[in-house]
Amino acid sequence: MPKRTDLRKIMVIGSGPITIGQAAEFDYAGTQACQALREEGYEVVLVNSNPATIMTDPEMADKVYIEPLTPEFVAQIIRKERPDGLLPTLGGQTGLNMAVQLAEMGVLEAEGVELLGTQLDSIREAEDRERFRALMNRLGEPVPESAIVTSMDEARQFAREIGFPIIIRPAYTLGGTGGGIAGNWEEYEEMVELGLTLSPIHQVLVERSIAGYKELEYEVIRDGADNCIIVCNMENVDPVGIHTGDSIVVAPSQTLSDQDHQMLRSASLRIIRALRIEGGCNIQFALDPRSRKYYVIEVNPRVSRSSALASKATGYPIARVATKIAVGYRLDEIVNPVTQQTYACFEPALDYVVTKIPRWPFDKFQSANRKLGTQMKATGEVMAIGRTFEESLMKAIRSLEIGRDSLQMEGADRLSDAELERRLAEPDDERLWLLAEAVRRGVTRERLHELTKMDRWFLAKIERLVEAERTLEGLAGKGTDGLRAEAETLRRVKRMGYPDSVIARLTGVPVDAVRQLCRELGIRPVYKMVDTCAGEFEAATPYYYSTYEEEDEVAPSAKKKLLVLGSGPIRIGQGIEFDYGSVHAVWAIRRVGYDAVIVNNNPETVSTDFNTSDRLYFEPLYIDDVLNVIEREQPDGVIVQFGGQTAIHLAEPLAKAGVRIVGTSLDDIDRAEDREKFDALLAELGIPRPAGVTVTSAEEALASASRLGYPVLVRPSYVLGGRAMQIIYNDEELQVYMRDAVRASHSHPVLIDRYVQGTEVEVDAVSDGQTVIIPGIMEHIERAGVHSGDSIAVYPPQSLTEAVKMTLVDYTVRIARGLSVKGLVNIQFVVQGDQVYVLEVNPRSSRTVPFLSKVTGVPMVDLAMHAVLGGSLAEFGYDTGLVPEQPLVSVKVPVFSFAKLRRVDITLGPEMKSTGEVMSSERTLAKALYKGLLAAGMAIPAHGTVLATISDKDKEEAWPILKGFADLGYRIAATEGTARFLRKKGLTVRVVNKLAQGTPNLADDIRDGKIQLVINTLTKGLKPERDGFRIRRTAVEHGVPCLTSLDTAASLLEVLSTIRFATVPLQPPATRADHGRNAADASSQVEVGR
Amino acid sequence: MAGVEMRHTARLVLENGVVFTGVGFGAEGESFGEVVFNTGMTGYQEVLTDPSYCGQIVTMTYPLIGNYGVNVDDVESRRPYVHGFVVREFSEMDSHFQSVGTLESYLKSHGIIGIAGIDTRRLTKIIRVHGTLRGVLTTKDTPTEALVAQLQAPLPRDQITRVTTPTVYRCPGEGRRVVAMDFGMKSGVVRSLLARGCDVIVVPAQTSAEEILAWRPHGVMLSNGPGDPEDAPYAVETVRQLLGKVPVFGICLGLQLMALACGARTVKMRFGHRGVNHPVKDLRTGRVAITSQNHGYMVDPASLPGTDLELTHVNQNDGTVEGLVHRRYPAFCVQYHPEARPGPDDSDGLFDEFMQLMDAVQEGRWIPRAEAD
C-alpha cells in the first residue's frame, strides 16, 4: 500500500497554547507531520492558535492559520480551504477532540473531508470509558474493576467482591472533592457516605486501587496493513498513583524480565489491533510487582507526550512515521531515517539508559499544593542519556536547573525523621532527594520500599549514589594529590555521572583542579550516537550523548561551526518561545553554510529533533557538560541569546573558561543585567527609568521605600519571569518580603523601584550595533505591575501617540547602540502620559519574538543571526527605526493552567503565572480581542450575571465598567460593600453572601452556575485574603472566567459592546424636551428607576 | 562499591589484538570462543541457556544486565552454554518476585566467566565492521601476545555433539506425535509443541531417519542449534531421507539443514543476527513480524533456484532468507525463533501451521505446493 494519490490537500490541527499536560511535544509532532506530508508533495493547511510554535511558521505549511481551535473557526477554515483529508492525531487531546467535534457536527461529511489515519470509531472506542471497558473485556485484557454505586448497599457489595484498597470518586465534584483511597471497611463506609452526599447526583465511582503497582508505558505503531511494532517501553520509577507526566521515567524498562515484557508487549499489540489504530498509540499498564497480574490503565489513540519522549529516547521518529501511515504507507515501506538502510518496521534497541524527570512550577507557585497524584502538575521535563542508570539520573538532575547538581538538597537534613517518612509516603516533587536523605540516615531499603513502593532496584541505585558521595567525602582534606592517588575512585564517580562541581564540593578540591586532574588522568567523556539499533547497523544520525567510555563516535567536520545553547525544560517564564528562537538560529546558521551544533535537554522540542541541527548533543545545560561539548567540538563561537536566561547564565562561566561568545558581548550583556551598570548606562544615555535603589538589608529597604513613596516594585537582582517580584504597598508588607526574598537569594541584593502606574509597552529589536530594526511596538492591555508575560499584548499599539512612539523608537535605538547589541534585544517600558520610562532590557531573544515575527513578517531571528555572524543589517535593505505598521491588529493572549494547580492564586501580578499563549489578528482591536479570548479558552458569556468583588482602591475605577456590563443586559451581583457602592452610583445590584456569612454564599452561586463572570480585584499586595482567594479558585475550578485586572475587564466590555448590535429604544415624546442629553445618561436613568 | 574494588580484573582479547580490560564477575579462568553480540534489552538468562550460543562469548549491547536476577523459569536448557558473557554493567542486586539469585552467582555456579565495565558499544562496532572474531576471556595473567597467537587457530567445531541430548527422552502428550531432533534445542520449542498437546520424543542429533520413522511420528521437528550446518553432514543426510516421508518443520539450524538437504548452500554471515527485533516479511501475506533470532550462518539465496525450496520469508532489513517451504513435500522451515524466549510471540502461529500440516497429511488432504499453484 504505497502513498495515496487521491489526496492533494491535507489539514493538520495543532494543539493550541501550552498548558500543563499539553506542552511543546505537540509542536515537535506537528512539525514532523508537516514536513512528512510536504516531502510527499501534499499541500498542507495548518491550524493552530499558538504563535510560539515552529509548526506555525509560514514555511512549515502551504497555508498557516493561527486561529482559535474552536469547531466554528476550524469549520470556517475547512469550508474555505476544502482539504481532502484531516490529520487529527498529532495535535494532542485538543486536536483529537476538535476532529471528533467536527465529525459530529457533520462538517467533515458535508465538506467531503476524510479523517486520515486512526478512524473516528477507533478514537471513540479508546476514549469512551464504557466502550473501552467492553472492548477490553472482549479481548480478555484486564482493567481495574469498578462500579458506579448510588447506595451504601451497592458499595458494600462491590467491596466484598474486590477487597481493599478501593478508590472512591464522587461523580461531578470538581477537583475530586470527597474522593480518596480506602484501605478498610471503616474508611470505605465513611468515604462512600461523604461521596454520596457531596455528589450532586448522589453517585460514586468505586474502583479497585492499584496504587503501588509498577507503571509501564508502551509506545505502539500500527499501519493499515495491520503490521504493528513497539517503539519503546518505559518504566515509571514512581509506581501507579502518580500521573505519568509527573513521574520519573526510565527507558527501556529496568525491572521487567523478558517474559514480563513480552506479556505486556503482546497485550499492546492485541489492543492496538482491536482498536484498529492507524498510526501511533500509547498504552499504560499497571503490573503487580509480586506476580504477573496486570491491568490496562489507559490507551491514548494518538501521539502523546510519551511518544515524544520515546522518539527522543530511541531516535525513532514516531510522529513522522504515524503521518506517513496516515497517507497510506506501510511500515515496511518507510525508511528508517536514522540508519537510512533499514526500515521503520522494526523495534529499536537501546544501548543506553534514558531518564526523564518532570519540571514542576512550584518554585513559582510557592503556595501550591506540591503533592503529586493523578492530576499532572509539571510544566515540562528534561531527559538525559547515560550508559548507566546513575549517569543518566545525575545528568537529568542537573538538567532541571533547580539549583541542584546531585542528590543533595539544601534543607533536607533539617527535616525530622517523621516528616521525612511522611513525605516519602505522600510524594511531592522532592521525593528523589528525600530518598537520598533517608539513605544517608540509614533507613533500610525495605523500609523505603514500604514507604514508596518503588522497586528495590531503583532504591539500590540511590544507595550506590549516596555511597559514592560518602567515598568522596572520605577524601575531604586530602587535597588534589589525595584525589590523584584515588584515580580509580575518580573514574568511577565520573562514570556514575558526578559533575566536577559535586566532586569539588565533597572533597574540598577546587573545581578547576578537579577538571584539570580528570584531564590529566585521561578521564574525559566521549560522545556516543543514538542510532535506534545499538550499533548493529551503520547510522548517520548526528545525535549524541556524553558518557565515560573508550570510543568517541563524533565524525570530524572541517566546516566552520557555531554552537547554540538551548533553553532546557519548559517552565513558567521560559517556554516554547525560546525553542522557537533556538531552532531558527540553527536554521540560519545552516543556511550560511556553517555547521550548527545544539546543546539541549528537553525531549519535547523541535530543537532536539536530530533533523534540526548538524549535530545534536542531548546534554544538561550545565557548565561542566557544556564545556565538555565545546572542548570536543571546538566551535568558532557559542550563541547564548536564544536560550533564554538558561543560556545567558552560562555566558559568564563560559567566557571565563575562554569560550568565544558571539553576538552581544558578555560585558554588554552584563551591563543590561547588572543593576548598577544598567543605571549607569541609562544615565549616560539620558534615558529615564522609575527611580530606584539597590538594597541589601531590610532597614535599608524601608528607608528607601519611604523616600521613593509607596507603592514600590521589589525584586531580587537577577530575574527570570518576574520571580519573587512584587508590588508592595506598605512597610509591613515590605518587611515580610525582605525576610523571604533575601533568604531566597542570599548573595543577591534586592532592587526597589518606584511603581509607575501606566501603560506597559514592549519592544523587540534587531541590531548589528549600528542599524537597529524595530519590527514593532507592543502595547499591553494590563497596566504595568502585571507581568508582561501575563498581559495581553497588542500590535500595533492602539493608544500611544506618535510622539510616544517616536520616543520609544529613539530610546530603543540608543540602548541597542549603547549596548552594541549584535542580535536581539527586548526592552520593556512604562508610559505615563507623555513620559516614557525604561523598566528592563533583556539582551536576548524574548517571549514575544515568535509573535512579533509572525505578525510583522520580519524574520527577526534570521536577521539577528546575520548580525551575530558579523553581517550588516543595512545589506537587507532595512533602515534603523520602526518597520511600517501592519494594517491588521494582532493580540497575544496569555493562557493559564490554574485548573490543574490547586491552591494557586490566579491573581495577576508581577510574578508570571501563564504557561502559554495564543494569537489573533483582526481588522479592529475589539474583534482581535474577542477572537483571542476565545482562542485562549475563555467562555465569553453572552448574558448572565457578573459577580463583582472590588477592593476599595479600585471601586471608583470599576463602576463604569460594571455599568457597561449592566447596560449590555448583564445582571450584577456583588458582596455587600461593593454592592452598596454600586447602588450609590445607581446600579441595580443583587447582594450575595460572603463566605463567612453562611450559605448560600457567592461560592455556592458560582458552583450552581448562577455566575457567568467574576471580576475580583485584590485587596492588598501579597497577603492572601481568604475570601478573594477562594472566590477566584472556585471560579477557576468551575470554568467561570475570572478577571483580576480591571484593564482586562474593560477590554472584555469593549469587545462585548462591539460585537453586539445596539438595542436602544426610541425616545418617548415626553422627553423630547430633554433633547441633547446623551444616550448613556438616559439609559442609566432607566436602570435607577427599575 | 567496596565490593567492586575487590573484584578481579578480566580481559577480553580478540584475534586482531584488541584488548578490553574490565572487571571480572562470575567464574575465573580462561575461555575461548567466537565473540558475538546480542541486541535484546531483556532475556539474558534465556540467552545464556540457549544451546545455540555454545562456543560463543556473548556481548549484550544493552548496558545493564542482571537487574531482575535469575529464576527457574527463564532457562532454555539445562545450563548455560555460552563461553563467556560480556556486559557494560551487571546488577549486584536482583529485583524480581521470581528471582532466586543474582546473575553473578549464577555464572559463578555454572563456571561461566563474565567481564563488565568495558565499552561494549565499541566492541559491538568492531564486530560489526570486522565481522565475528575469535576471542578469549581470561582472568589469568596470560600475556596478551600468547593469547592472540592462540586465537589464530580455528575454534573447535563440534558444538552440536556437545549440546545434543545423549539419550532419547519423551515429553508425553495426548496428541500428535512429534519427533524432535535435538541439535541444541531450546526448551521453548518443546514447550510450544506440548502446549498444542503433542507427544514429543526428543532424539539425539545423530539419530538416523530409520530410527526416527520407527516412532511413527506425525511430524519431525528440526531444532535450532549452534555452529555451522556443514559441520553436521550426518544430520543433512537424515533430513534428506525424512523429507517426503513425514511432515517436517525446521527452526534456525533446522532451516539450514533442510536447505542443505535440498541442495542449497549455506554461508557464514559477517556478524549474524542476534536479538529480538528483527523484522521478517511473510511473502505470502505481505505482513511483517518482529522476530527473535540467533544465527551466524544463512542460506545463500542464489543457491535456491533449481532446488525444491521456495522462499516464503525474508528479512526486511537485509533481505536474507528467513523462511522456506518445500514445493513437493510437506516441509517448511524458518530461520528465526517462533518459540520466542527471549523475544516476541508474534510468530507463535507457525507451530499451529505445523499442526495443520501434520493433520492435512494424516487426513490425506495435503496438496504439494507445486500442484497448488
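## Two annotated spots

Glu298(A) counts as partly exposed, because 14 other C-beta atoms lie within 10 Å. Keep in mind that this is a predicted model. You'll find Glu298(A) in strand 14 of chain A, which covers residues 294-300.

Why look here? An unreviewed UniProt entry puts a "binding site" annotation on Gln284(A) and Glu298(A). Gln284(A) belongs to strand 13 of chain A, residues 279-287. With 19 other C-beta atoms within 10 Å, Gln284(A) is partly exposed. Leaving out residues up to four places away in sequence, Gln284(A) touches Glu298(A), along with Glu215(A), Glu217(A), Thr244(A) and Ile297(A).

## The nonpolar cores

The largest nonpolar core has 425 residues, and those with the most contacts inside it include Leu46(A), Ile639(A), Ala180(B) and Leu222(B). Setting aside neighbours within four places in sequence, the contacts of Ala180(B) include Met185(B), Val200(B), Met221(B) and Ser223(B). There's also a second, separate core of 14 residues, with Ala159(A) and Met191(A) among them.

Chain B comes in two pieces: domain 1 (2-151) and domain 2 (159-372). Their centres, taken over C-alpha atoms, are 29 Å apart. Where they touch, domain 1 of chain B puts in 23 residues and domain 2 of chain B puts in 24.

On the domain 1 side, strand 3 (30-38), helix 2 (44-49) and helix 4 (120-130) of chain B each give two or more residues. Strand 3 of chain B gives the most, with 3 residues. That side of domain 1 is made up of 9 nonpolar, 10 polar and 4 charged residues.

Technical notes. Residues numbered from 1 in each chain as written. Chains lettered and ligands numbered in written order. Predicted model: local features only at pLDDT ≥ 70, side-chain atom pairs only at ≥ 80, totals over all residues. Core = buried A, V, L, I, M, F, W, Y, C linked by C-beta atoms within 7 Å. Buried ≥ 20, exposed ≤ 12 C-beta atoms within 10 Å, placed from the backbone. Contact = placed C-beta atoms within 7 Å. UniProt positions renumbered as here; feature names shortened; annotations may be inferred. Helix = DSSP H or I, 4+ residues; strand = E, 2+ residues; numbered from the N terminus. Domains from an automatic or database assignment. Nonpolar A, V, L, I, M, F, W, Y, C, P; charged D, E, K, R; others polar.
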